Structure formats: structure tokens, C-alpha cells
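Colleague: I have the coordinates open and some questions about the fold. Can you take me through it?

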Amino acid sequence: HLAGKPLLGHVIDCARALSPVEIVVVYGHGGPRVREAFAAQADLRWVEQTEQLGTGHAVQQAMPALEASDQVLVLYGDVPLTRAQTLSHLIEATSHQGFGLLTVSLSDPTGYGRIVRNQGGRVQRIVEQKDANPEELTINEVNTGIMCVPRDRLVGWLDGLSNRNAQGEYYLTDVLGKAVGDGFDIQVCQPSSPIEAEGVNHRAQL
């Protein structure tokens, strides 16, 4: 809990402020407790990720429940301080057939996926900390994981993901590389404060 409600409650309230067609919650570890905490909220759709095989796999589980949507905005249940205004800006900057990504620049980017750009400044891919080389580890622009993508293209990109990486997981971040390969120009936005993208992994962060 944070400020009187579950972390996920903050994220759901932020999503509702955007007037979405659907809000789909993917749940796994401790799932029954999560659903019980939101039992009275009838507008939520629930999808169970029975095996936790990575962020890409999690979003893939949600796709059948998002057939009515043109765009998919991916949010994270442990990132409670993102503002609706920031997400509205990201959506507005992303055309219906575009790819929008929220990034932040940190003085200490340790642990985050780095944003790799080409010489012209265009985003090319995201490399996770465990897979980054020494040069890539010096990059301080990092991925928040929050992205706005066209649903129909996302389905194909997710189907093409591989788990050949240091963690043996299907990374949602690899979708971006596939989008670039298909000719997409990644539209990048940043929040007014990096704290909007802070995730909670332990009590000190909480």
C-alpha cells in the first residue's frame, strides 16, 4: 500500500483518467489477493499470466482482451506516480500507427534498460543492463517500459519475440527493435520529473 491504497490502484486511477476503451490487468504472483483488492471495480478486465516468462509474454496474454482497441498503452502496476498529463502527452505525440516511448535521463542509470540511438539521434533499440556492453552502460537515457503502440502491429511483434538473452525471458523492449526494423520512427517523450517512472521493488523504494 502507498498513501492509503494498493500501488496498482494508483496506476488504474491514472489509466481511467485517460478514458480508455478497456483497462486490462495482467496478474500472476499473488494473483488472488490482487483481484480481491479490486473486486468492486467492474470496469477492469483480468488476464492471468500463469507462467512469468517476461514483460513481452505478459502483454501477449492481454492481447485477446484488447481487440476493440486501436492503440495499446502499456503501464506497470508497481510504478504509481506517473501522471495522466504525462501519458496524455505521450498519446498525443503518437499517431494511431506510430510508436511512442516514455524515457527518462538519470544520473545513475544502473539497473535500467538503455536507449540506444544512431548518429542522427533516432532511437534504434533498448538494451537491458545484463545484456549491455561497456559503451552502452554509459548511456543515461533509460527505458521506463511505458509505451503506446498500434494494437494490430503489436500482435505480430509479440509473436516474433525470442527469449535468447541473459535472463531467458521474452522482453517487451525487443518490440521496439522490431518496430524500427519495420520503418517506424520512435516518438520519445519524457516526464517532467524522473520520479514519475520510479518503480517499487523493495521497502526502501516504497
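Colleague: Let's begin with a pairing. What is the bridge partner of Val116 in E6?

Modeller: The bridge partner of Val116 in E6 is Arg125. Helices (H or I, at least four residues) and strands (E, at least two) are DSSP runs, numbered from the N terminus. This is a predicted model, where local features need pLDDT of at least 70 and side-chain atom pairs count only at pLDDT 80 or more, while totals for chains, interfaces and linings use all residues. Residues are numbered from 1 along each chain as its sequence is written, and side-chain values use heavy atoms, with hydrogens and water left out.

Colleague: In what sense do strand E5 and E6 pair, and over how many bridges?

Modeller: Strand E5 (residues 114-117) pairs with E6 in the antiparallel sense, over four bridges. Two strands pair if DSSP finds at least two bridges between them.

Colleague: And how many residues sit between E5 and E6 in the hairpin?

Modeller: Five residues lie between E5 and E6, and Gly121 in the turn has a positive phi of about 90°.

Colleague: Which residues have a positive phi without being glycine?

Modeller: Ala3 is one of them, at about 50°, and Ser19 is another, at about 55°. For background, most residues other than glycine have a negative phi.

Colleague: Where is Ala3, and is it buried or exposed?

Modeller: Ala3 is in the segment before helix H1 (7-16). Ala3 counts as exposed, at 73% relative accessibility. Buried means under 20% relative accessible area, exposed over 50%, and partly exposed in between (1.4 Å probe, protein chains only).

Colleague: Change of topic. Which residues of helix H5 are buried?

Modeller: In helix H5 (residues 151-159) they are Arg151, Leu154, Trp157 and Leu158. They cover an arc of only 115° around the axis, which puts them on the same side of H5. The arc is that of the directions from the helix axis to the C-beta atoms.

Colleague: What do the buried residues of H5 pack against?

Modeller: Helix H3 (55-62), strand E3 (71-74), strand E4 (99-105), strand E7 (141-150) and helix H6 (174-181). Contact here means heavy atoms within 4.5 Å.

Colleague: What does Leu158 touch?

Modeller: Not counting residues up to four places away in sequence, Leu158 touches Gly56, Val59, Gln60, Met63, Leu172 and Val175.

Colleague: Which residues touch the most other members in the largest nonpolar core?

Modeller: That core has 24 residues, and Phe99, Leu154, Leu158, Val175, Leu176 and Ile186 touch the most other members. A nonpolar core is a set of buried Ala, Val, Leu, Ile, Met, Phe, Trp, Tyr and Cys residues joined through side-chain atoms within 4.5 Å. H3, E3, E4, strand E6 (123-127), E7, H5 and H6 each supply at least two residues of this core, and the largest share, four residues, comes from H6. Apart from it lies another core, of nine residues, among them Leu8, Ile12, Tyr27 and Trp46.

Colleague: How many disulfides does the count come to?

Modeller: Zero disulfides, where a disulfide is a pair of cysteine sulfur atoms within 2.5 Å. For Cys14 the nearest cysteine sulfur, that of Cys148, is 13 Å away. Cys189 is in no disulfide either, and its nearest cysteine sulfur, that of Cys148, is 9.6 Å away. Cys14 counts as buried at 10% relative accessibility, and Cys189 is buried at 6% relative accessible area.

Colleague: Where is Thr82, and what does its side chain reach?

Modeller: Thr82 is in the loop between E3 and helix H4 (84-92). Its side chain reaches the backbone oxygen of Glu196 at 2.7 Å. A polar contact is a pair of N or O atoms within 3.5 Å; within protein, one must be able to donate a hydrogen and the other to accept it, and residues adjacent in sequence count only if both atoms are side-chain atoms. Thr82 counts as buried at 12% relative accessibility.

Colleague: Last one, Asn143: buried or exposed, and what does its side chain reach?

Modeller: Asn143, found in strand E7, counts as buried at 10% relative accessibility. The side chain of Asn143 reaches the backbone nitrogen of Gly145 at 2.9 Å.
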